[in-house]
4 protein chains.
Amino acid sequence: MVIDETDGPARRYISVIGGGACDQETYELAGQVGRGVALLGAVLVCGGRTGVMEAAARGAKEAGGVTLGILPGHDRAEANPFLDLVVTTGLGHGRNLLVASSGDAVIAVGGEYGTLSEIGLALALGRPVVLLRSWRLARAAGEEAGIRQAETPEEAVEQAALALGLGRGRANP
Amino acid sequence: MVIDETDGPARRYISVIGGGACDQETYELAGQVGRGVALLGAVLVCGGRTGVMEAAARGAKEAGGVTLGILPGHDRAEANPFLDLVVTTGLGHGRNLLVASSGDAVIAVGGEYGTLSEIGLALALGRPVVLLRSWRLARAAGEEAGIRQAETPEEAVEQAALALGLGRGRANP
Amino acid sequence: MVIDETDGPARRYISVIGGGACDQETYELAGQVGRGVALLGAVLVCGGRTGVMEAAARGAKEAGGVTLGILPGHDRAEANPFLDLVVTTGLGHGRNLLVASSGDAVIAVGGEYGTLSEIGLALALGRPVVLLRSWRLARAAGEEAGIRQAETPEEAVEQAALALGLGRGRANP
Amino acid sequence: MVIDETDGPARRYISVIGGGACDQETYELAGQVGRGVALLGAVLVCGGRTGVMEAAARGAKEAGGVTLGILPGHDRAEANPFLDLVVTTGLGHGRNLLVASSGDAVIAVGGEYGTLSEIGLALALGRPVVLLRSWRLARAAGEEAGIRQAETPEEAVEQAALALGLGRGRANP
């Protein structure tokens with residue numbers, strides 16, 4: 001990796017979360033989200049493994065982006081091959097907090113129970129959360145849950161960009 | 001504390017989760033859930049602080065139960081006064097994993113984003129989860145989300161007991 | 001467990017740390033430390049497993065004390081049988097922080113690398129640390145490392161008691 | 001950042017650990033260690049903050065290396081300005097496990113109690129550890145503690161390289 005002028009403290013990070021196993025359609029959606037994150041100029045953060053995590057990292061790398069994986073175990077060899085840098089944690093599900101925390105915004109694509117926990121943690125940390133074919137969530141009393149919904153990968157990235165104050169133009173050059 | 005014959009490795013644990021701030025109605029519901037957990041003979045686990053956590057611990061202690069709190073910080077003085085034993089973690093939201101893990105079943109009463117994360121973590125760990133006036137959750141594709149719903153505190157405790165194979169009778173002496 | 005008048009927020013906790021495998025002499029030393037902690041009226045905290053952790057919990061229970069185990073995994077069945085209450089964490093070595101944090105003072109008996117990490121964490125948290133046949137530690141520049149040394153189990157407990165302002169009398173009735 | 005041909009799964013990582021506050025001499029030593037890590041072609045991992053962490057990252061960046069910081073809090077703005085990528089954890093001292101885990105080898109430069117915990121965690125994970133003007137450690141019974149000592153920054157990097165099977169030549173072009 002070579003640092004260019006756009007790097008540094010001002011760079012934004014977006015976490016893409018979802019299941020370690022997913023169908024082909026979800027894999028493609030996640031790849032498009034990853035691509036959109038890269039085109040925004042944001043770092044793509046993910047859980048470092050297979051399924052949605054791999055698809056998002058792959059999409060970001062194919063678009064020239066920067067990717068960061070945060071693994072549940074201690075063995076970097078468990079990472080997918082589309083990650084520039086990898087953190088190993090040994091915390092198991094405890095690493096979900098780090099994936100939620102390390103993104104300035106979080107986009108969920110599909111997702112299982114672990115994804116649900118990351119949505120909750122991201123919201124607890126005040127991170128904007130965008131859901132794409134993911135969990136449908138409502139509070140008991142019907143109040144606003146503070147969660148953004150998207151219908152397409154492009155819309156998901158656009159909503160994350162808006163929440164972070166990033167211009168649309170960079171994502172659609 | 002004095003260990004009696006019902007203690008030991010066979011003892012079951014039930015975590016009660018919910019917001020650190022709650023309205024009076026939720027506080028009373030959580031207290032009744034805590035009472036029910038104690039009458040089942042199970043250890044009441046909670047996040048150790050105020051709101052639903054305090055109410056559940058209080059209800060359990062008033063019914064003669066055993067209570068265990070798991071705090072986000074390093075200072076035991078932040079615990080509510082209804083806990084027999086307290087673990088301090090210093091992990092912040094990272095302690096949510098421990099609350100979810102330490103119960104053989106988990107009952108959510110109301111709840112905010114942190115509660116949502118604990119629901120996700122408990123489900124990821126295969127713990128039975130019962131929701132009482134808590135989040136309404138559905139998967140994108142409409143599949144079964146594997147979560148039990150209860151309408152009353154009694155029903156919530158009963159569902160947790162059933163999931164753990166505990167007899168109903170002990171809870172209704 | 002039945003709460004008696006000496007319980008509650010004022011109760012002190014002492015963590016006993018050491019290897020999961022140890023020789024017979026170390027096992028006996030750890031048992032005597034656990035016994036001393038119980039006679040002080042303090043809760044005995046440990047990592048919940050075998051070796052020094054088991055010996056300390058066993059010694060405390062045989063002296064009528066209260067014991068709390070904090071496990072690295074998610075399965076309570078991995079706990080030794082001398083624990084009143086058990087927290088499961090799923091954090092692996094990450095649980096070492098909780099063992100260090102949950103004691104108002106920490107006594108190390110023998111110990112391997114994990115014990116060394118707990119000594120460092122306890123010191124970083126400002127917990128008094130007493131070493132009994134454990135690591136010998138010195139700073140590079142020869143400054144005082146702020147660590148207490150003991151030659152016998154009795155002395156180790158006495159030093160922890162002094163550091164916590166607990167009267168000696170309770171430990172030697 | 002732009003990925004070049006030397007990146008990818010085969011890339012090695014070396015963590016440099018030490019105090020968040022340090023004297024000028026230690027700062028310079030840490031900088032030289034960071035420079036050596038970069039010249040080896042390894043990723044420099046650190047705790048992301050001031051003192052030794054900053055010096056090592058700065059030395060690595062000035063030598064054209066890649067740097068990764070793992071912060072204790074949730075706010076990326078707390079990172080020093082010499083990091084290519086940053087993970088926020090919110091785990092406080094719990095992040096020490098990640099710094100120890102994410103390096104294939106660990107070099108300690110000076111250091112306080114937190115550094116001591118990282119040394120213990122790295123050893124528990126089987127990571128080679130090199131000490132440079134850091135803690136002096138010995139087991140109670142006088143056995144070999146499995147820790148490498150270095151007298152100079154160059155020697156520290158060389159020992160880490162040897163432990164990882166990296167050729168010396170790359171570090172001394």
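Two strands count as paired if DSSP finds at least two bridges between them. Strands (E, at least two residues) and helices (H or I, at least four residues) are DSSP runs, numbered from the N terminus. The model before us is predicted: local features need pLDDT of at least 70, side-chain atom pairs count only at pLDDT 80 or more, and totals for chains, interfaces and linings use all residues. Residues are numbered from 1 along each chain as its sequence is written, chains are lettered from A in the order in which they are written, and side-chain values use heavy atoms, without hydrogens and water.

I begin with the sheet of chain D. Seven strands form an open sheet in the order 4-3-2-1-5-6-8, with parallel pairing. Strand 4 (85-88) and strand 8 (148-150) of chain D each have a single partner strand, so one side of each lacks a neighbour in the sheet.

Within this sheet, strand 5 (residues 105-109) and strand 6 (residues 129-132) of chain D pair in the parallel sense over four bridges. There, D:Ala108 stands opposite D:Leu131 of strand 6. Helix 4 (residues 113-124) of chain D packs on the sheet and touches strand 1, strand 5 and strand 6 of chain D, where contact means heavy atoms within 4.5 Å.

I turn now to the cysteines. With a disulfide defined as a pair of cysteine sulfur atoms within 2.5 Å, the count over all chains is zero.

Notes:
Axes fitted to C-alpha atoms, helices over the stretch in contact; angles between N-to-C directions.
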